[in-house]
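Good morning, and thank you for making time for this presentation.

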Amino acid sequence: MTFSAFKNLHQRLQAEHLARHGHPLAERTEDGCELRLFAVGSYYAEVWRSRGEEHILFIHVFEKPTGLSDYLPLISLADMA
């Protein structure tokens, strides 16, 4: 699915698509929220939830690698060896 097509989906359908086709990359917390990063084709999706809640607050979608900067300290290349 293209970046534009994904962005145009309702949030529920975005979440379903991520569950089926997204590749989880990392998790972090910010401002009392739990964030989970997924790779989907040539773009990324960041799912925001209130800490301890299942309900999705929003899904931030981006293409530029600069959006990954907050996750880089969480990634260990040694784990990939």
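Let me start with Arg36, which counts as partly exposed because its relative accessibility is 32%. In these terms, buried means under 20% relative accessible area, exposed means over 50%, and partly exposed lies in between, with a 1.4 Å probe and protein chains only.

Before going further, a word on the source. This is a predicted model, in which local features need pLDDT of at least 70 and side-chain atom pairs count only at pLDDT 80 or more, while totals for chains, interfaces and linings use all residues. Residues are numbered from 1 along each chain as its sequence is written, and side-chain values use heavy atoms, with hydrogens and water left out.

Which residue does Arg36 meet in a salt bridge? The partner is Glu27, at 3.2 Å from N to O. A salt bridge here is a side-chain nitrogen of Lys or Arg within 4 Å of a carboxyl oxygen of Asp or Glu. Glu27 is exposed, since its relative accessible area is 53%.

The structure holds 5 salt bridges. One of them links Glu30 and Arg28, with an N to O distance of 2.6 Å. Salt bridges with shared partners join Arg28, Glu30, Glu46 and Asp70 into one network. Glu30, at 25%, is partly exposed.

I turn now to helix 2. Helices (H or I, at least four residues) and strands (E, at least two) are DSSP runs, numbered from the N terminus. Glu16 and Arg12 both lie in helix 2, 4 residues apart, or about one turn of the helix. They form a salt bridge whose closest N and O atoms are 3.2 Å apart. Glu16 is partly exposed at 31% relative accessibility, and Arg12 is partly exposed at 49%.

The backbone nitrogen of Arg12 also lies 3.0 Å from a polar atom of the His10 side chain. His10 sits in the loop between helix 1 (3-7) and helix 2 (11-21), and it counts as exposed because its relative accessibility is 54%.

Finally, the strands. Strand 3 (residues 43-50) and strand 4 (residues 56-62) run antiparallel and are joined by 6 bridges; two strands pair if DSSP finds at least two bridges between them. Val47 stands opposite Ile59 in strand 4.

Notes
Polar contact = N/O pair within 3.5 Å; in protein donor to acceptor, adjacent residues only side chain to side chain.
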